[in-house]
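Trainee: I would like to learn how to read the features of a protein model, one at a time. Could we begin with charged side chains that pair?

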Amino acid sequence: MARTQRNKATEYHLGQLKARLAKLRTELQAPSSKGGPGEGFDVQKYGDGRCALIGFPSVGKSSLLTILTGTESEAAAYEFTTLTCIPGVIHYNDAKIQLLDLPGIIEGAAQGKGRGRQVIAVCKSADLLLMVLDATKPWYHREILTRELESVGMRLNRSPPNIYFKKKKTGGVSINSTMPLTRMDDKLIQRVLQEYKIHNCELLFKEDCSVDDLIDVIEGNRRYVKCLYVYNKVDMCSMEEVDEIAHRPNSIPISCSLKLNMDGLLERIWDMMALCRVYTKKVGHKPDFSEPVVLTNDRGGTTMEAMCKQIHNTLTREFKYALVWGVSSKHMPQRVGLTHQLADEDVVQVVKAKVQAEDGRGRFKTTSDKPLRIADREKKAALKT
């Protein structure tokens with residue numbers, strides 16, 4: 001594919017080869033039915049978000065974990081010091097963010113070299129990736145790590161393509177688009193669908209997408225993760241190189257040995273995770289600013305319904321309305337429903353509806369259980385005199 005000249009005559013063949021390659025990669029990564037379960041890193045989710053440190057060996061991941069969380073992670077002057085996943089917790093802005101220190105990966109980790117598959121499996125469960133790089137090493141180290149992650153279905157700093165895809169039993173292939181497609185045509189789409197043996201489906205393109213985006217939608221197992229590129233050891237670089245790193249998108253320069261720019265790193269982590277803190281308020285009391293309910297788009301959304309589910313599962317059934325003070329309200333307070341989008345540092349007071357029994361009655365009886373006719377009631381025995 002790399003040696004093939006790209007023109008209109010070969011683009012259909014290249015698109016078909018890309019689809020075949022993606023299908024074969026998925027078959028290779030599927031777990032085999034033979035043998036027992038493989039050994040992985042079993043780390044329980046904790047806190048309001050999860051960040052994972054990934055990078056080559058000896059770039060400063062363990063030192064960064066110790067500085068940010070206070071958790072002691074072994075750091076030494078030789079490679080592969082960390083052999084398992086070490087968790088820590090960052091307490092920042094009344095929120096708890098779990099930080100995972102993973103073993104260093106090498107080129108070929110997607111094929112299983114150096115326990116690379118276990119490391120990448122933990123990365124798929126993270127809300128934010130911190131790719132730690134050595135500022136003194138060549139620039140292509142970042143491309144190597146990105147290629148390893150993308151080969152196992154991870155997409156960094158990209159949003160899912162806006163394509164509606166649905167398989168059908170009959171009716172053939174229906175292809176529609178809301179805008180002109182400049183990077184592929186109907187013939188190329190038909191070739192990709194034939195490679196996956198899909199002969200009845202419905203496709204609606206809501207943006208100008210490429211063949212790779214179409215293959216990702218058909219596969220359906222892609223993981224879109226935000227990634228922050230952390231360049232460590234900038235104390236060994238010149239000011240011009242540090243300035244160039246700082247102006248790169250989604251990049252930040254730090255130094256673990258001198259503890260430089262740690263506050264800026266925490267601010268970038270907070271901004272990229274986009275955590276939404278919501279404070280609760282009881283009727284007739286002041287708001288409770290000690291323990292907020294933290295919401296995020298990656299974990300259920302930032303709606304009023306998501307906040308009620310996080311407090312208790314039955315609260316959505318008993319929900320009547322809520323009063324909101326904050327940026328998301330048009331006036332103070334605003335009466336809202338379950339679909340209201342909350343903003344950071346909002347104050348919410350939930351009002352529950354009257355509790356109804358299964359038969360539709362309330363908690364207190366309005367009628368008697370005794371028979372209506374007096375003759376049908378049980379007569380009490382006469383008093384003994």
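Mentor: The term stands for a side-chain nitrogen of Lys or Arg within 4 Å of a carboxyl oxygen of Asp or Glu. In general, side chains of opposite charge can pair when their charged atoms come close. Bear in mind that this is a predicted model, in which local features need pLDDT of at least 70 and side-chain atom pairs count only at pLDDT 80 or more, while totals for chains, interfaces and linings use all residues. Residues are numbered from 1 along each chain as its sequence is written, and side-chain values use heavy atoms, with hydrogens and water left out.

Trainee: Where do Arg 158 and Asp 213 lie in the chain?

Mentor: The pair links distant parts of the chain, 55 residues apart, with Arg 158 in the loop between strand S5 (154-156) and strand S6 (163-167) and Asp 213 in helix H6. Helices (H or I, at least four residues) and strands (E, at least two) are DSSP runs, numbered from the N terminus. Salt bridges that share partners join Glu 150, Arg 155, Arg 158, Asp 213, Asp 216 and Arg 222 into one network.

Trainee: Which side chains does the side chain of Arg 222 meet in polar contacts?

Mentor: A polar contact is a pair of N or O atoms within 3.5 Å; within protein, one must be able to donate a hydrogen and the other to accept it, and residues adjacent in sequence count only if both atoms are side-chain atoms. The side chain of Arg 222 makes such a contact with the side chain of Asp 216 at 2.9 Å, and another with the side chain of Asn 221 at 2.9 Å. Arg 222 itself is found in the loop between helix H6 (211-219) and strand S9 (223-232).

Trainee: How many salt bridges does the structure hold?

Mentor: The structure holds 13 salt bridges. One of them joins Lys 18 and Asp 212, whose closest N and O atoms are 3.9 Å apart. Lys 18 lies in helix H1 (residues 11-29) and Asp 212 in helix H6, so this pair ties together parts that are 194 residues apart in sequence. Another is formed by Arg 299 with Asp 127, with the closest N and O atoms 3.2 Å apart.

Trainee: What should I look for in the backbone?

Mentor: Most residues other than glycine have a negative phi, and most peptide bonds are trans. Here, phi of Ser 58 is near 60°, a positive value in a residue other than glycine, and Ser 58 lies in the loop between strand S1 (49-54) and helix H2 (61-69). Phi of Lys 233 is likewise positive, near 65°, and Lys 233 has its place in the loop between S9 and H7.

Trainee: Which residues does a cis peptide bond join?

Mentor: The cis bond joins Met 332 and Pro 333, with omega about -15°. Pro 333 sits in the loop between strand S13 (319-325) and strand S14 (334-336).
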